[in-house]
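I opened this model to look up how its side chains pair and pack. These are my notes, entry by entry.

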Amino acid sequence: MAESELAPNFAPFFSFAGIAAAMVFGCAGAAYGTAKAGIGIAGVGTFRPDLIMKSLIPVVMSGIIAVYGLVIAVLIAGALNPASTMSLYTSFMHLAAGLSVGLSGVAAGYTIGIVGDAGVRAYMQQSRVYVGMILILIFGEVLGLYGLIVGLILNSKS
């Protein structure tokens, strides 16, 4: 094969698509988790304002999901160099890394939002639910962390 077939001019497009996927999907998951948990916190705050600060944990955890997308997007962007050619292999690895982080961020944000909403409402009625809610939120957060780990491994192979 000729070198132009291994490194076509359009190859960087897939790297940029990986950056966009990591940011768009990661932030969409974080936004959903924040909004859904925020609805529950607003409901709790009207009855028990003293519980608002402890109920903010799901919102903080949702925000971390967006940070995972930002981390992989910055790493991929740092690997791009307009002065050199890029192989399709590298650009597809960047796309896979971005999709891995972004789509797992959607799943984690969805989980954190649903659990956060129901959890803070249950916590308002029964304080013993708090530790269980935190554990479930951690298991939801780790879904995004798995995506970040896979994305970092993929990015290191490119």
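**Entry: salt bridges**

I found K36, D117 and R121 linked in a network of salt bridges. I counted a salt bridge when a side-chain nitrogen of Lys or Arg lies within 4 Å of a carboxyl oxygen of Asp or Glu. This is a predicted model, in which local features need pLDDT of at least 70, side-chain atom pairs count only at pLDDT 80 or more, and totals for chains, interfaces and linings use all residues. Residues are numbered from 1 along each chain as its sequence is written, and side-chain values use heavy atoms, with hydrogens and water left out.

K36 meets D117 at 3.6 Å, N to O. K36 lies in helix α2 and D117 in helix α5, so this pair ties together parts that are 81 residues apart in sequence. Helices here are DSSP runs (H or I, at least four residues), numbered from the N terminus. R121 meets D117 at 2.8 Å, N to O. R121 and D117 are four residues apart in helix α5, so about one helical turn separates them.

Next I asked: is D117 buried or exposed? D117 is buried, at 10% relative accessible area. Buried means under 20%, exposed over 50%, and partly exposed in between (1.4 Å probe, protein chains only). K36 is partly exposed at 25%. R121 is partly exposed too, at 36%.

How many salt bridges does the structure hold? It holds three. R48 is partly exposed at 32%, while D50 is exposed at 55%.

**Entry: aromatic rings**

I then looked up the rings. F10, F13, F14 and F92 form one aromatic cluster. Rings of Phe, Tyr and Trp (its six-membered ring) pair if their centres lie within 6.5 Å; planes under 30 degrees apart count as stacked, over 60 as edge-to-face and the rest as tilted. The count comes to five aromatic pairs by this rule. F13 and F14 sit edge-to-face, with 5.3 Å centre to centre and 80° between the planes. F13 is exposed at 55%, but F14 is buried at 19%. F14 also pairs with F92, and that pair is tilted: 4.5 Å centre to centre, 40° between the planes. F14 lies in helix α2 and F92 in helix α5, so the pair ties together parts that are 78 residues apart in sequence. F92 is partly exposed at 39%.

**Entry: nonpolar core**

Which residues have the most contacts inside the largest nonpolar core? They are I65, I72, M133 and L137, in a core of 28 residues. Such a core is a set of buried Ala, Val, Leu, Ile, Met, Phe, Trp, Tyr and Cys residues joined through side-chain atoms within 4.5 Å. I saw that α2 (11–47), α4 (57–79), α5 (88–125) and α6 (129–157) each supply at least two of its residues. α5 gives the most, with eight.

Leaving out residues up to four places away in sequence, I65 touches G26, A30, G105, A108, I112, E141 and G144. Contact here means heavy atoms within 4.5 Å.
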